[in-house]
Amino acid sequence: MTTKPKNVAIILSLLLLTLQILIRVDTFYLSDPLVKMIQVISLWNQNWSTEGILYSAKDFDPLFLMSPLNEGFVFLHEGRLIGQYPIGLTFPYSLFGFLPLNFLPYFNVVFLALFLRILFKNGIKISVVLLVAFGTVTFPLLVDFSENGLFLVLSGYGYVFLYKAFLDDKIENWILGNVFLGLSLWLRLEGILFFISIQSTIFLIYYFVKKQSFIEAIHPKRYSIFFLFIVLFLIWNTVSYSHPLGTRYLTNFGKFEKQFYEQIKIFLSIAFTYPRQSAWSLGFFLHTPIFIYLFIKLRKTQILKNLKITFHLSIVILFLFFVAFTSPNDGITLTGRYLLVLVYPLSFLLNEKIDELQTNKILFKLLYTWSFVCTTLIMVVFYLSSKELKKLRSELAQFHSPLIVTTNEILSGSFGLDLLNQKVISIRRKEVVKYFYDNINKMAPDEFMVLTVGKETKYNTEEKDVFSSILFDSKEAGYNCEKEERSSRVLARRCIRIDNR
């Protein structure tokens, strides 16, 4: 890289590091990052002997019906509580278990630097790199602890090597492209969709545009190594989790059956926007609308006469199609996450047309600024969420008991990595209360404490019913739960054993 690209890479990397420090990602463990880090720590602490999550309250919950973690992120398999995040994430990070684990989220700074290097090494202009790095979903996905950074880098190297192979047909490029994308599928299933999109595009161009024979167009040198990765992936998942598609499928894809119109709503939320209970979603192209402007400009281009544009554009279209019909949800928080890998073909396309787009200076600057503002607002949300989490943890620290029982996963999850040592369970449904007391009677603790949200609203009626049910059944189980304790947002009842049963 020349001096200017290096300076851009240094500035963006330092910006990410600064934001991570401000947000305190070394302690920002809730929901996804919490489960991921617990999976990593569990592997390290158990010497890689099992993928089962360490659960300090297991004696009180042998059937794992009251896990403090989000129910959508874990599942029970052969007597083990398994996290949804794949071994491709947890194993590499667990190798760094000798380091203070708080350092692991900062590895994303390295992945951002590698991402920028991929773009600059392939001739992407600075203005495009700035937009793609900070004006898309890429930057927000690199803030907290996740698989996104490593996935982004592996899929990026895979893409550029397969693109080079498409241009020069060198065997080493086919091999490297297959290997990198083969590794990426161990992190996210989109790696499979991305590879299929690339290979389908290559076949279509070779067969219909270059007029190669069918046999030449499907030559196995282009995909055979990736096929071996797929086979290993399916075997590992089948043996480890009794399903070939593994943890992601079992926790996301395999839980819900959706109608066609529901899938369309999910795709609209991912790609553009769609109303949700709290707010409209910020989809990939709404976050970065300059890509839509790019598509409009490409209409005036004789696409088939420029095979480079044909290559990148076809991959975008095919990948969008595959995601539209396979996404299990809209990404929940950052709805553009399933389209992350599209930053590569879109970077090449934008690089071809950036000068033409800049002729309309006002529109270009407005779109450019909009994307930066969106990313900035997401960073503000991260920061405010971190502050709120810190306040909630400060409140939770006031409550001490050998066993903590919560009524939702936000309260239980807010204990963070303390869950590895502190006995915390979460009862979210009334029908679990009997199971809870059955195990309480077996373990006979001297006391436990029940925590719920202090303020009652129309959204937590069921949660309050669970709380009332726990208190109502306490006397029959031999506990007095009359002692009430409060903080500004948390209501607690201390339950003390009153007999010797």
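Colleague: Is Cys495 buried or exposed?

Modeller: Cys495 is buried, because its relative accessible area is 0%. Bear in mind that this is a predicted model.

Colleague: And how many disulfides does a search of the whole structure find?

Modeller: The search of the whole structure finds one disulfide. Cys481 and Cys495 form it, with their sulfur atoms 2.0 Å apart.

Colleague: Where do Cys481 and Cys495 sit?

Modeller: Cys481 is in strand E6, residues 479-486. Cys495 is in strand E7, residues 490-497. They are 14 residues apart, and the pair links distant parts of the chain.

Colleague: Which hand does the link of Cys481 and Cys495 have?

Modeller: The link is right-handed, with 120 degrees about the S-S bond.

Colleague: Is Cys481 buried or exposed?

Modeller: Cys481 counts as buried, at 5% relative accessibility. The cut-off for buried is under 20% relative accessible area. Cys374 is buried as well, with a relative accessible area of 6%.

Colleague: Staying with strand E7, what about Ala492: buried or exposed?

Modeller: Ala492 lies in strand E7. Ala492 counts as buried because its relative accessibility is 0%.

Colleague: How many residues apart along the chain are Ala492 and Lys475?

Modeller: They are 17 residues apart along the chain.

Colleague: New topic, charges. How many salt bridges does a search of the whole structure find?

Modeller: It finds 17 salt bridges. One of them joins Arg493 and Glu484, with the closest N and O atoms 3.5 Å apart.

Colleague: Which residues do salt bridges that share partners join into one network?

Modeller: Lys36, Glu147, Arg188 and Glu190.

Colleague: What does the side chain of Asp169 meet in a salt bridge?

Modeller: The side chain of Lys221, at 3.0 Å from N to O. Asp169 lies in the loop between helix H7 (148-168) and helix H8 (171-184). Lys221 lies in the loop between helix H10 (214-217) and helix H11 (224-241). So the pair ties together parts that are 52 residues apart in sequence.

Colleague: What's the accessibility of Asp169 and Lys221?

Modeller: Asp169 is partly exposed, with a relative accessible area of 34%. Lys221 counts as partly exposed at 26% relative accessibility.

Colleague: Which side chain meets that of Asp26 in a salt bridge?

Modeller: That of Arg24, also in a 3.0 Å N to O contact. Asp26 is buried, with a relative accessible area of 13%. Arg24 counts as partly exposed because its relative accessibility is 39%.

Colleague: On to rings. How many aromatic pairs does a search of the whole structure find?

Modeller: It finds 40 aromatic pairs. One of them is Phe284 with Phe285, an edge-to-face pair. The rings are 5.1 Å centre to centre, with 80 degrees between the planes.

Colleague: Why does that count as edge-to-face?

Modeller: Planes over 60 degrees apart count as edge-to-face, and these are at 80 degrees, so the pair qualifies. Phe284 and Phe285 are both buried.

Colleague: Which residues do ring pairs link into a cluster?

Modeller: Phe115, Tyr159, Tyr163, Phe166, Phe194, Tyr206, Phe311, Phe319, Tyr344 and Phe348.

Colleague: What lies over the face of Tyr85?

Modeller: Lys36 does, at 4.7 Å from the ring centre. Lys36 also belongs to the salt-bridge network with Glu147, Arg188 and Glu190. Elsewhere, Lys464 lies over the face of Phe467, at 5.9 Å from the ring centre.

Colleague: Which residues lie nearest the centre of the largest cavity?

Modeller: Pro86, Trp186, Phe233, Asn237 and Thr247. They are among the 15 residues that line the largest cavity.

Colleague: Which elements give two or more residues to that lining?

Modeller: H11 and helix H12 (246-253). H11 provides the largest share of the lining, four residues.

How values were computed. Residues are numbered from 1 along each chain as its sequence is written. This is a predicted model: local features need pLDDT of at least 70, side-chain atom pairs count only at pLDDT 80 or more; totals for chains, interfaces and linings use all residues. Side-chain values use heavy atoms; hydrogens and water are left out. Rings of Phe, Tyr and Trp (its six-membered ring) pair if their centres lie within 6.5 Å; planes under 30 degrees apart count as stacked, over 60 as edge-to-face and the rest as tilted. Buried means under 20% relative accessible area, exposed over 50%, partly exposed in between (1.4 Å probe, protein chains only). A charge sits over a ring if NZ of Lys or CZ of Arg is within 6 Å of the ring centre and within 35 degrees of the ring normal. A disulfide is a pair of cysteine sulfur atoms within 2.5 Å. A salt bridge is a side-chain nitrogen of Lys or Arg within 4 Å of a carboxyl oxygen of Asp or Glu. On a 1 Å grid over the protein atoms alone, a cavity is a set of points where a 1.4 Å probe fits but cannot get out, and a pocket is an open set with protein on both sides within 12 Å along at least five of seven lines; lining residues have an atom within 4 Å of a point.
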